[in-house]
Amino acid sequence: MFAKVIVDVPAKQTNRAFDYSVPPSLQGWVEVGSRVGVPFGPRVLQGFVVELHETTTVDPKRLKAIRHVLDAAPPLTEELVQLGHWMSSTYLCHEVTALQAMLPGALKAKYERFVQASEAGSAGRTELLLLLPAQENILNYLRSKGKAKMEDLLDAFPEDGGLIRQMLDEGQLVETQGMKDRLATKKALTVFPPGAHEASEAATETHDAGTSGNAPGLGGSADLLAIAEELPARSHKQKEVLRYLHENPRPIRLTELMDKLQVGAGTVKGLADKGWIGLREVEVMRDPYANRHFEETKPLPLTPEQQSVYDDIAATLDSRSHQVYLLQGVTGSGKTEVYLQAISRCLEQGREAIVLVPEISLTPQMVERFKGRFGDEVAVMHSRLSLGERYDEWRKIMRRQVRVVIGARSAVFVPFRQLGLIIIDEEHESSYKQEESPKYHARDIAAWRARYNGAAVVLGSATPSLESIQKTKAAPGGKPEYKLLKMKSRVAGRPLPPVHIVDMREELRSGNRSMFSRLLHRGLEERLLKGEQTVLLLNRRGYATFVMCRTCGYVAGCPHCDISLTYHQVSRTLRCHYCGYAERQMELCPDCGSEHIRHFGTGTQRVEEELVKLFPGIRVIRMDVDTTTEKGSHEKWLTMFRNKQADVLLGTQMVAKGLDFPDVTLVGVIAADTVLNLPDFRSAERTFQLLTQVAGRAGRHQLPGEVFVQTYTPEHYSVITASRHDYEGFVEEELPHRRKLGYPPYCRLILITLTHEQVPLLVRTAEAVAQRLRELGAAEQENVFASGTGEDFFMNVLGPVASPIPRIKDRYRFQCVVKYRGEASASRIVAKVLDEFAERTTKDKLTISVDVDPQMLM
DNA sequence: AGCACGCCGACT
DNA sequence: GTCGGCGTGCTC
């Protein structure tokens, strides 16, 4: 038996499957999707089995054998292996990177090398040789430590790297290498009464070539009661333990036993020492929601609108066919209840469901609703869980203990085998696009998996992305790719709150230089008097505080990146968001020596300061990256706000999404249009979406709400249509712009970014790349034309131009944008060009990165 | 990514 | 004349 294995080396030259033989001892353990340890060159690496064959084309003499299988069951399904292959060609990433992205971080291999003084070396002929003092030192160091990590040794003897290599060659030192998962499974001391068998926790067992698994056998069953009788009277605690274990002859966590019987650890350990009971470390599951109670929720009666949407989805589920729905429902139209009932239907069919929500709205409230409906059938996956917690949630899926997963972007990869439904809530959110390699979009992955499994996808949003809405329209000569479902009315029947646009230029003209307009100021005042709450949103993207000299105009910039530094109040430092560079806030302008140097822009910190100044005694909760990094802090602030321990919730985007507080009657947007000025063809769309969403936050319950949107461009259609809650109106305005400029949804984009330390070489290469892309694009165009398939192919290359941030970490950046249409894949052409340039890029230490369907042209 | 093999400058 | 710089190429 032979296996094709993708090895854990994300590099161009190793981005293919390598052949290995499967040794007899591992027959049956190696499957497609197995994670294995394989010898690769001089070391043993992790790899993924992507194919199994009876024969191989590789010369048997060159074949090596798989060393270990790292898991009891393959962590990847056949489906995911195929998906990985598709991802690597679609997103132009290395195949391992794609496969790795599907697994919890805990399963990413950690490689360690150890060095040890060799036994033979110290006893044998080396004693006859003259040892250099440095050699003596190294040997002594290793003898005192026994076995040292290679990196520690090199740290201890930074000068002697060559010598160490030599000693390894001569056999004075021996090297061993290890390959571990990122983390150990959590272990807990567990008490075993005699005869009680260990629960099978095989998920992380390693099966090595050459050794057969040994089952832990447990010995005879001494009568605990009899032992208890013979104990001296003063050992009543020990007797108690024995009696308990006699009555409950199953393994129990030591901590639980101690808790139950109010005995100390020593008592139990004493019994274990005498051999009457077993006490061992056993793997346990972490459950982040262990101590939480979830109120069971019953399905709610559906409104006619909800019912018809549900019926449509249910019909697709029943027929087990593949269909993508775009569910456009205004905020408060009850999309979640539709999701829940569709999932129920899916589960009834014995199939599984994935629910994706933007990271930011994966709030306890959301989790509660799903846990409340489906109880233990739900696993939750998001980045706020620890590595271990996420791993355990994933293992629940592997063991078929859950059938519903709710999670952020990466949950789209969970290894379900009977996938019936994928729901993507707030489908327009940019967080569904991964910004690092593999730069996938969860929406694409969902569509792929749905096609593979004959499953349904529901994309839900009040403000669908233009790409999605476009796909609901009939393509020329075919039926629409997505089916559009609409929910126009709010369940509670409460109207959407009035939205007032405040022209900040007018404010300035009237002499109001504050960041709060008079209307918003009055609104805040009223809320404080009435004891109602306010949400203030600061659209901070591109609006960080920078430091400028008012005398000469000097702006503090990062010495390594072409971007202004951001002022951080807490540490009184200036920091670069791209490379982490930091320096102390300056007192005087370094250019002209003026004292009039201060920070500009409106950070949340400044808004908070201003609020406190204007409304003494006001209680403000500020939520931004600075206050929400700590685990659970998010939840803490929101709970505080819900309990009315604050008057104002002030924050960035994260306060706009999915929050629902009964006493919020005022929503203020400090500066609506900061995003409009970014080099982003989606800026109008983003502005519209954000404003619409935040407007939906006010007055969701009994109290009516109102919304103030402060802006410097009140005439912009994104602001106007958002204030009217008019999605169709926005789309009507925006689409012609996109068409005119040739942007999505009228074409697709590939962003190619090149970086190098020096501009001339960078520009030369970038131009050569663009040139080559144009050549191949033109050739393809001719091909398509000549073949007469009538396919709508088109490809246009823009650039190269300097990137919006022209330098990061001392590397200059240039970019080309490929606009294309049609199935004759432009990504294939890009891949070809990249391949042609591969040699030059490694030689010149130039990097080229590719982003298919970029969110922004940065 | 590592690591080895291989061809040109400053040293015993 | 050698030690060692890192350029080039390979890993089943």
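Predicted model: local features only at pLDDT ≥ 70, side-chain atom pairs only at ≥ 80, totals over all residues.

Trainee: OK. Which base nitrogen contact does Arg 16 make with DNA strand C?
Mentor: An N or O atom in the side chain of Arg 16 is 3.0 Å from a base nitrogen of DNA strand C. Arg 62 has a contact of this kind too: an N or O atom in its side chain is 3.4 Å from a base nitrogen of DNA strand C.

Trainee: Which residues come nearest to DNA strand C?
Mentor: Gln 13, Arg 16, Asp 19, Arg 62 and Lys 64, out of the 14 residues around DNA strand C. Of the atoms of DNA strand C within 4 Å of the protein, sugar and phosphate account for 45%.

Trainee: What touches a phosphate oxygen of DNA strand C through the backbone?
Mentor: Pro 39. One of its backbone N or O atoms lies 3.4 Å from a phosphate oxygen of DNA strand C.

Trainee: Which strand gives the most to that surface near DNA strand C?
Mentor: S2, with 3 residues. Strand S2 (17-21) and strand S3 (35-40) each supply at least two. By class, the surface near DNA strand C has 6 nonpolar, 3 polar and 5 charged residues.

Trainee: Now DNA strand B. Which residues are around it?
Mentor: Val 9, Pro 10, Ala 11, Gln 13, Pro 42, Arg 43 and Arg 113. They divide into 4 nonpolar, 1 polar and 2 charged.

Trainee: What share of the atoms of DNA strand B within 4 Å of the protein is sugar or phosphate?
Mentor: 50%, and the rest belong to bases.

Trainee: How do the arginines sit relative to the phosphates there?
Mentor: A polar side-chain atom of Arg 43 lies 2.9 Å from a phosphate oxygen of DNA strand B. For Arg 113, a side-chain N or O atom is 3.5 Å from a phosphate oxygen of DNA strand B.

Trainee: Remind me what holds paired strands together?
Mentor: Strands of a sheet pair through backbone hydrogen bonds, either parallel or antiparallel.

Trainee: Good. Is S30 mostly covered or mostly open?
Mentor: Mostly covered. In S30 (residues 664-669), 6 of its 6 residues are buried.

Trainee: What does S30 pair with?
Mentor: S22 is joined to S30 by 5 bridges, running parallel. S30 is also joined to S31 by 4 bridges, again parallel. Val 667 in S30 stands opposite Val 535. In S31, the bridge partner of Val 667 is Val 707.

Trainee: Where is Gln 710, and is that residue buried or exposed?
Mentor: Gln 710 is found in S31 (residues 706-711). Gln 710 counts as buried because its relative accessible area is 0%.

Trainee: What lies 2.9 Å from a polar atom of its side chain?
Mentor: The backbone oxygen of Ile 670.

Trainee: What about Leu 691? Buried or exposed?
Mentor: Buried, because its relative accessibility is 4%. Leu 691 lies in helix H21 (residues 683-695). Beyond four places in sequence, Leu 691 touches Val 669, Ala 672, Val 709, Val 719 and Ala 722.

Trainee: How far apart are Leu 691 and Val 709?
Mentor: 18 residues in sequence, and 8.0 Å in space, C-alpha to C-alpha.

Trainee: Last one. Which residues of H19 are buried?
Mentor: In H19 (residues 604-614), Thr 604, Gln 605, Val 607, Glu 610 and Leu 611. These buried residues pack against helix H18 (518-530) and strands S22 (533-537), S24 (566-568), S28 (620-623) and S29 (648-651).

Notes:
Residues numbered from 1 in each chain as written. Chains lettered and ligands numbered in written order. Heavy atoms only, no water. Near = heavy atom within 4 Å. Polar contact = N/O pair within 3.5 Å; in protein donor to acceptor, adjacent residues only side chain to side chain. Nonpolar A, V, L, I, M, F, W, Y, C, P; charged D, E, K, R; others polar. Buried < 20%, exposed > 50% of the residue type's maximum accessible area, 1.4 Å probe, protein only. Contact = heavy atoms within 4.5 Å. Pairing = 2+ DSSP bridges.
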